[in-house]
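Have the sequence and the model open as you read.

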Amino acid sequence: MSHRPSSGLAAVSSALLAMNRQMEVRDVLKTIVASARELLDAEYAALGVPDDHGGFAQFVVDGVSEEQWRAIGPLPRQHGILAAMLHKAEPERLADVREDPRFEGWPEAHPDMSDFLGLPVRDGDEILGALFLANKRCPRPAGGCGFTAEDEELLTLLAQHAAIALTNARLYERSRELTIAEERSRLAHELHDAVSQKLFSLRLTAQAAAALVDRDPARAKDELQQVTRLAAEAAEELRAAVVELRPAALDEDGLVHTLRTQIQVLDRAHSARVTFDSSGVRALPAAQEEAVLRVAQEALHNALRHSGAALVTVSLARSGQGARLAVTDDGRGFEPRTVRSAGRHLGLVSMRDRSAGVGGTLTVTSAPGRGTTIEMEVPGG
């Protein structure tokens, strides 16, 4: 394998380590494809994860530009060579894929491919995907150039480790989903126990006041005062219930990892693009980490639900011994003074209270048509 720039045990080791450093499924797929293409010195590489409807749930390519990929069109179906790898679970090494009887042609914008090496990515009897390379890059003498048996052996080794990395990533994402589901369930129980009875009493009292307005205004006034008191108590109990819920993932994974995971979930769930970047952040005391997380959640909620933003960026960076959080959206923005005077500022008050409660500061920068930035800075321990 000495003819390849990326050959040797060190290159193989680097490829395997790169795959296992990733935790998210999409990142693992991209790393597998890039590692395979570099290791075997191919012009193109791709990995398709099949769905249950004859297509692909995910299809990742390397060596094709974004413009080319958009021009190619819809994802391929499970047919031809791809179907053979998925259904027979056998390697396919071809001198020219275009001459194979199973070849069914490319879309008009598809790059031209000739020599081909592909094989399934398997976890036991389960086929996780189809990995293939095309157009080996090496001098082409009169007899041509293509993938060798040695290449097939190396790609088989890579695919075995790719299956492990992909399985681990799936398990990781599933565990994160379960953690979120458990947290939601716990929150629902807390809110039910703390607030539901108070709200029931409030509703009955309000109904009684409505019935008394015409025939006994004095008693109706007393009932309305009771409504005010019950509403205040319900709001206080709701606030206490939410404040006391510290996310389990925060204790297990730390602030950066928890925030990144939640933002990835939001990015998948909303039409707006949501990104996260962190730099040099040290572990903070528990109270500071929870405050930063809660402010980020509130700011993200506002941006995604109310701003009409197409892009929301979240950054968390080291600031002295503490950290600085910034949540920025390109939405419609607002005039902070107008919002405050109109009374629609509970989210901002909550964020400021959380920040002040851990010795931090909160800055809100916004203007109509210019988006919004929420910045929070907290000291370290």
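The paragraphs below start with the whole chain and then turn to its parts.

This is a predicted model, in which local features need pLDDT of at least 70 and side-chain atom pairs count only at pLDDT 80 or more, while totals for chains, interfaces and linings use all residues. Residues are numbered from 1 along each chain as its sequence is written, and side-chain values use heavy atoms, with hydrogens and water left out.

The chain holds 10 helices and 10 strands; helices (H or I, at least four residues) and strands (E, at least two) are DSSP runs, numbered from the N terminus. Of its 381 residues, 41% are buried, where buried means under 20% relative accessible area, exposed over 50% and partly exposed in between (1.4 Å probe, protein chains only). Contacts are counted when heavy atoms lie within 4.5 Å. Among contacts with a separation of 6 or more, 62% are between residues 24 or more positions apart.

How confident is the predictor? pLDDT is its confidence in each residue, from 0 to 100, and the chain has a mean of 81, with 82% of residues reaching 70 or more.

Now to the open sheet of five strands, ordered β2-β1-β5-β4-β3 with antiparallel pairing; two strands pair if DSSP finds at least two bridges between them. Because β2 (56-62) and β3 (92-94) each have a single partner strand, they stand at the edges and one side of each is left without a neighbour in the sheet. From one strand to the next, the twist averages 15 degrees. Strand β1 (residues 42-50) is joined to β2 by six bridges, and within this pair Val 49 has Gln 58 of β2 as its bridge partner.

Helix α2 (residues 25-39) lies across β1, β2 and β5 (126-136), at about 40 degrees to β2; axes are lines fitted to C-alpha atoms, for helices over the stretch in contact, and angles run from 0 to 180 degrees between N-to-C directions. Helix α4 (residues 80-88) also packs on the sheet, touching β1, β2, β3, β4 (116-123) and β5, and its direction makes about 140 degrees with that of β5.

Take α2 by itself for a moment. Just after the helix, Asp 41 takes a positive phi of about 55 degrees.

Next comes Ala 42, in strand β1, which counts as buried because its relative accessibility is 0%. Its contacts, not counting residues up to four places away in sequence, include Arg 37, Leu 133, Ala 134 and Phe 147. The C-alpha atoms of Ala 42 and Gly 146 are 9.7 Å apart, although 104 residues separate them along the chain.

Which residues have the most contacts inside the largest nonpolar core? They are Leu 47, Val 121, Leu 133, Leu 155 and Leu 158, in a core of 34 residues. Such a core is a set of buried Ala, Val, Leu, Ile, Met, Phe, Trp, Tyr and Cys residues joined through side-chain atoms within 4.5 Å. Two or more residues each come from α1 (9-21), α2, β1, β4, β5 and α5 (149-212), and α5 gives the largest share, nine residues. Apart from this core lies another, of 32 residues, among them Leu 259, Ala 291, Leu 348 and Met 351.

Finally, look at strand β8 (residues 322-329), where six of eight residues are buried. Eight bridges join β8 to β7 (residues 311-319) in an antiparallel pair, and seven join β8 to β10, also antiparallel. Val 327 of β8 is the bridge partner of Val 314, and in β10 the partner of Val 327 is Ile 374. The hairpin of β7 and β8 has two residues between the strands, and Gly 320 there takes a positive phi near 65 degrees.

Terms used. pLDDT is the predictor's confidence in each residue, from 0 to 100.
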